[in-house]
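I opened the model and kept notes as I went. The entries below follow the order of my look-ups.

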Amino acid sequence: MVAIAVLLVVGCSTGRAALAFSPDSLQDASIGQPYDAIISVLHNETPVGDIYVSKAALPPGVTLTFTAGSSSSADLTGTRTTAGSYVFTISAWCLGTNVNGQAGEKSYSLVVN
């Protein structure tokens, strides 16, 4: 007799929802005009430890600011200096205490005219 075990993994193995990011997309920006967007992490079960740019780079003049321990969001602000289409990835990780922390990422595109 042969026993077969099947493991079905849906989402993360801990049964928690994967991290999500809001908004789904960013509004276009204009050269020389102030830009302000808030990127929020959703479905986190523990506090967010960091939100950061993990792949590529933000448009010149734009920064991402996250203050650990104060919220689950980061500010994308600045005044753009160069036209173009910029694609970058925002990543986040959550603190782990009695449970493993969560992590996730989202790709964004920001068009500067």
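**Thr-79 and its surroundings**

I began with the contacts of Thr-79, leaving aside neighbours within four places in sequence: Gly-32, Gln-33, Pro-34, Pro-60 and Gly-61. Contact here means heavy atoms within 4.5 Å. This is a predicted model, where local features need pLDDT of at least 70, side-chain atom pairs count only at pLDDT 80 or more, and totals for chains, interfaces and linings use all residues. Residues are numbered from 1 along each chain as its sequence is written, and side-chain values use heavy atoms, with hydrogens and water left out.

I then placed Thr-79 in strand S5, residues 73–79. Strands (E, at least two residues) are DSSP runs, numbered from the N terminus.

**Strand pairing**

Next I looked at S6, residues 84–94, which runs antiparallel to S3, residues 48–55, with six bridges. Two strands pair if DSSP finds at least two bridges between them. Val-48 has Cys-94 in S6 as its bridge partner.

S6 also runs antiparallel to S7, residues 103–112, through 10 bridges. There, Tyr-86 is bridged to Leu-110 in S7.

**Confidence**

The chain mean is 82, and 82% of residues reach 70 or more. Residues 1–13 fall below 50, and this stretch has zero contacts in the model beyond near neighbours in sequence.

Notes:
pLDDT is the predictor's confidence in each residue, from 0 to 100. Helices (H or I, at least four residues) and strands (E, at least two) are DSSP runs, numbered from the N terminus.
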